[in-house]
Amino acid sequence: MKDILAPELDVLFCGINPGLTSAAVGLPFATRGSRWWPALHRSGFTPRVLTPAEADQLPTWGLGLTTMVRRPTARAAELTRAELLAGAAELTERVRIWRPRWLAILGVTAFRAGYERPDATVGLQDLRIGETRLWVLPNPSGLNAHYPPQRLAEEFVRLRHAADLPDRSRTT
């Protein structure tokens with residue numbers, strides 16, 4: 001699955017790794033009922049709920065999308081600690097090259113393991129990559145029962161406010 005990148009994006013979102021469905025069709029967050037696209041819209045990052053096939057439009061709004069680990073799995077829990085460490089190192093290099101203002105990692109457990117921050121919580125992190133600030137969002141997987149759709153969107157709103165971006169959900 002390809003990255004959706006452009007120089008100096010406002011926010012580069014980073015999923016943990018592609019799911020099997022996304023890998024099979026070559027589109028991000030492609031499972032039916034994915035909570036990612038609705039959360040992105042409800043939080044004001046996009047003017048409407050995009051489809052996976054429209055992911056390449058994200059840079060229109062200063063947004064990008066990548067993954068920490070390239071290997072597809074049915075569940076992120078199948079990834080090894082070594083894969084997360086190596087993935088975080090590769091992600092750090094991508095961030096140094098593309099220089100987004102913010103990197104938003106979608107999953108606190110993956111962030112903790114990949115960046116060796118065992119006490120990290122959702123929200124702003126004290127780690128920077130160059131000038132890029134880091135924010136951890138909840139994993140949008142439907143398996144993440146701690147964050148139902150409304151609460152997930154609220155966490156995305158916190159990032160949008162921190163990044164000082166307008167609410168685009170009201171522009172349609």
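User: Let's start with Phe13. Why is Phe13 called buried?

Analyst: This is a predicted model, and in it Phe13 has a relative accessible area of 0%. The cut-off for buried is under 20%, so Phe13 counts as buried.

User: What does Phe13 touch?

Analyst: Leaving out residues up to four places away in sequence, its contacts include Trp36, Leu40, Phe45, Leu63, Leu65, Ala104, Leu137 and Phe156.

User: What makes Phe13 and Trp36 an edge-to-face pair?

Analyst: Two values settle that. Their ring centres are 5.0 Å apart, and pairing asks for centres within 6.5 Å. The planes make 75°, and over 60 degrees counts as edge-to-face.

User: Is Trp36 buried or exposed?

Analyst: Buried: Trp36 has a relative accessible area of 0%.

User: How many aromatic pairs are there by this rule?

Analyst: The count comes to eight. Ring pairs also link Phe13, Phe29, Trp36, Trp37, Phe45 and Phe156 into a cluster.

User: Which residues have the most contacts inside the largest nonpolar core?

Analyst: Val11, Phe13, Met68 and Phe156 do, in a core of 50 residues. Strand 3 gives the most to this core, with five residues. As background, nonpolar side chains tend to be buried together in soluble globular proteins.

User: Now the sheet. In what order do the strands form the open sheet?

Analyst: There are five strands, in the order 2-1-3-5-4, with mixed pairing.

User: What makes strand 2 and strand 4 edge strands?

Analyst: Strand 2 (63-67) and strand 4 (123-129) each have a single partner strand, so one side of each is left without a neighbour in the sheet. On average, neighbouring strands here are turned by 25° against each other, direction ignored.

User: How do you know that strand 1 and strand 2 pair?

Analyst: Pairing needs at least two bridges, and strand 1 (residues 11-15) and strand 2 have five, in the parallel sense. Therefore they pass.

User: Why is strand 2 called mostly covered?

Analyst: Five of its five residues are buried. Leu63, Leu65 and Thr67 lie on one side, with Gly64 and Thr66 on the other, and both faces are covered.

User: Why is Thr92 called buried?

Analyst: Thr92 has a relative accessible area of 12%. That is under 20%, so the label holds. Thr92 is found in helix 3 (residues 81-98) and touches Tyr115 and Ile129, not counting residues up to four places away in sequence.

User: Which element has the lowest mean pLDDT, and which the highest?

Analyst: Helix 1 (residues 20-25) has the lowest, at 83, and strand 5 the highest, at 98. For the protein, the mean pLDDT is 92, and 96% of its residues reach 70 or more. Where pLDDT is low, predicted coordinates should not be read in detail.

Technical notes. Residues numbered from 1 in each chain as written. Predicted model: local features only at pLDDT ≥ 70, side-chain atom pairs only at ≥ 80, totals over all residues. Heavy atoms only, no water. Helix = DSSP H or I, 4+ residues; strand = E, 2+ residues; numbered from the N terminus. Axes fitted to C-alpha atoms, helices over the stretch in contact; angles between N-to-C directions. pLDDT = per-residue confidence, 0-100. Phe/Tyr/Trp six-rings, centres within 6.5 Å; stacked < 30°, edge-to-face > 60°. Buried < 20%, exposed > 50% of the residue type's maximum accessible area, 1.4 Å probe, protein only. Core = buried A, V, L, I, M, F, W, Y, C linked by side-chain atoms within 4.5 Å. Contact = heavy atoms within 4.5 Å.
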